[in-house]
Amino acid sequence: MSSFRVKGGLKLKGEITPQGAKNEALQILCAVLLTPEKITINKIPNIRDVNKLIDLLSDMGVKVDKTGPESYTFKADQVDLKYLDTEDFLQKASALRGSVMILGPLLARFGTGRLSKPGGDKIGRRRMDTHFTGFQKLGAEFHYDNKREIYHIDGKNLKGAYMLLDEASVTGTANIVMAAVLAEGKTTIYNAACEPYLQQLCEMLNRMGAKITGIGSNLLNIEGVKSLKGTEHTLLPDMIEIGSFIGLAAMTQSEITIKDAQIHRLGIIPDTFRRMGINLEFRGDDIYIPAQKHYIIDTFIDGSILTIADAIWPGFTPDLLSIVLVTATQAKGTVLVHQKMFESRLFFVDKLIDMGAQIILCDPHRATVIGLDRKYPLRGIRMTSPDIRAGVALLIAALSAEGTSVIDNIEQIDRGYQYIDQRLNALGADIVRID
Ligand SMILES: CC(=O)N[C@H]1[C@@H](OP(=O)(O)OP(=O)(O)OC[C@H]2O[C@@H](n3ccc(=O)[nH]c3=O)[C@H](O)[C@@H]2O)O[C@H](CO)[C@@H](O)[C@@H]1O
Ligand SMILES: C=C(OP(=O)(O)O)C(=O)O
C-alpha cells in the first residue's frame, strides 16, 4: 500500500491539461471487441483501471500496440473465448468496474459472455439488473452462478426490442447499446443514460458502421447491422479531473488555467462551482481560475440554504460531489450536499472533521457543510483514502491544510488520476509518494 506525504498551505500556479476521461476510456476499450478490424484510440490515460482493462483485453487475445504516449491500436480478430472460463480471467475482470462492459460486445459478436462480480469503488450497493434485463430483452439467456458469483449470458441470435430501462445506468446503457448494434432489427432504449461518455461511445459506434440515433438524449434508436469496421477515436478531457482542479484551485487559493477543457461538453459542472462563489473565466477553451481569498456560497433565490445534489446527466455527476463537499469547507456560507445515488460515498467526512472542518453528516446521503471562510485552516493528519473521489477530496484538503498530512491507500487515487503527484508538483505542490 502506497501513501502520499503532502505538505499543506502552498499556493499553486500554472497550467494543467486534463487527462483523457477514465469512464469514457473504459467504454471505448470494451467496444474494440465488436470488430475484427483495427481500432485506434487517442488520449488514453495512464491510470490503473484503464491499464488493467487493456491487460485484460490483451489476455483475451486482442492485439494491443502502444503507438504513441497516449495512443494505442487494438485488433480483436482472434479473441480467445476459452480464456473466459479460466480463473485468471474471472479474477482479473473483477478487479475493476469497467470490465462489466465487455459483456455487451462479447454477447453481440460471439453469442456468449462471462463475468465475475465486477470491482470498482465500494460506495454502496451497485446492482447490475439493468444490464441483464436489457440483454434478456434482446433475447439472451441470463444465469447467475451463486456459488462462484459468476454471471453467464448467452444468446446467438439477438433480436432488436423496445425497452424502458428501470434506471438510467451509465455502464448498463453502454452495455446494452453495444449488444444491440449487432442485433437483428430495431432496438429502442428509453430512459437511457446520456453522459458525454455515452455520446462519445455512440458516435464512435456510428463511425464503425452502427446506426444509432437520439445520441445525447434518453431515447436511443438502434438499427442493427451485420458487422462493424475499424475506426479512430479520441477521448474527451476527463470532466471529473476538470472539476477536481477547480475545487483544488479554490481551496488552495491558487491561480490555475485548465487547458483545452472542451467547455461545451461539461454540462452543469462550471455553473455548479460558480454557485459556490468560485470565479471561473472561459478563455477560448481554457478555464482560468484566479487565486481567491474568499468565495461565498450562493443561497437559493428565497434565501434558503443551497443544496448541491447529484442527478443523472445532464444533472450534476455524483463523481464530483466529494470535491464539492471538501471545497465548501473553506468557503463562506453553508451548503447541503445530497448524494442521492450512492449510499456510502460520504463516509470520508469524518477525516475532514478530524482536520477541523465543520460538517454535519445528516445521514448516509446528506452532509451539511458550514464553510470556515479560512478563519481556521484545516490541520494536516494521517488518513486513508476510501474511494477514488474521496481520495482526491482528501488530497485537496491536505494541500490546503496547515502542516503535513499522510494519505494512505493512494492506489484508489491512482485508479483514476494520471501522475497526479507529478502534475501538481509541477504547479508548486509538495507531494511525496512513499511506496
Ligand atoms: C466505470 C463508470 O463509468 N463508473 C461510473 C458509472 O457507474 P455505474 O454505471 O456502475 O453506475 P450506474 O449509472 O449504474 O448507477 C449509479 C448509482 O446510481 C443509482 N441510480 C442510477 C440511475 C438512476 O436513474 N437512479 C439511480 O438511483 C444506481 O442504483 C447506482 O447506485 O456511473 C456512475 C453514475 O454516474 C458513476 O458514479 C461511476 O463513476
Ligand atoms: C465510482 C467511480 O468509478 P468506478 O465506477 O470505476 O468504481 C468513479 O469514477 O468515480
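Reader: What separates the centres of domain 1 and domain 2 in this predicted model, and over which atoms is the value taken?

Author: In this predicted model, the centres of domain 1 and domain 2, taken over C-alpha atoms, are separated by 31 Å. Domain 1 covers 3-19 + 237-434, and domain 2 covers 22-234.

Reader: How many residues does each domain give to the contact?

Author: Two residues are in contact if their C-beta atoms, placed from the backbone, lie within 7 Å. The contact takes 18 residues from domain 1 and 16 residues from domain 2.

Reader: Which domains supply the shell around ligand 2?

Author: Domain 1 and domain 2 each contribute at least three residues to the shell around ligand 2. Among the surrounding residues are K22, N23, D319, I388 and R389. Helix 1 (22-31) and helix 12 (388-400) are the elements that give two or more residues. The shell divides into six charged, four polar and one nonpolar.

Reader: Why are strand 17 and strand 19 said to stand at the edges?

Author: The open sheet has four strands in the order 17-18-20-19, with mixed pairing. Strand 17 (306-309) and strand 19 (358-363) each have a single partner strand, so one side of each is left without a neighbour in the sheet. They are therefore edge strands.

Reader: What makes strand 17 and strand 18 a pair?

Author: Two strands pair if DSSP finds at least two bridges between them. Strand 17 and strand 18 (residues 334-338) have four bridges, in the parallel sense. Within strand 18, V337 stands opposite I308.

How values were computed:
Residues are numbered from 1 along each chain as its sequence is written. Chains are lettered from A and ligands numbered from 1 in the order in which they are written. This is a predicted model: local features need pLDDT of at least 70, side-chain atom pairs count only at pLDDT 80 or more; totals for chains, interfaces and linings use all residues. Domain bounds come from an automatic or database domain assignment. A residue is near a molecule or strand if its C-beta atom, placed from the backbone, lies within 6 Å of it. Ala, Val, Leu, Ile, Met, Phe, Trp, Tyr, Cys and Pro count as nonpolar, Asp, Glu, Lys and Arg as charged, and the others, Gly among them, as polar.
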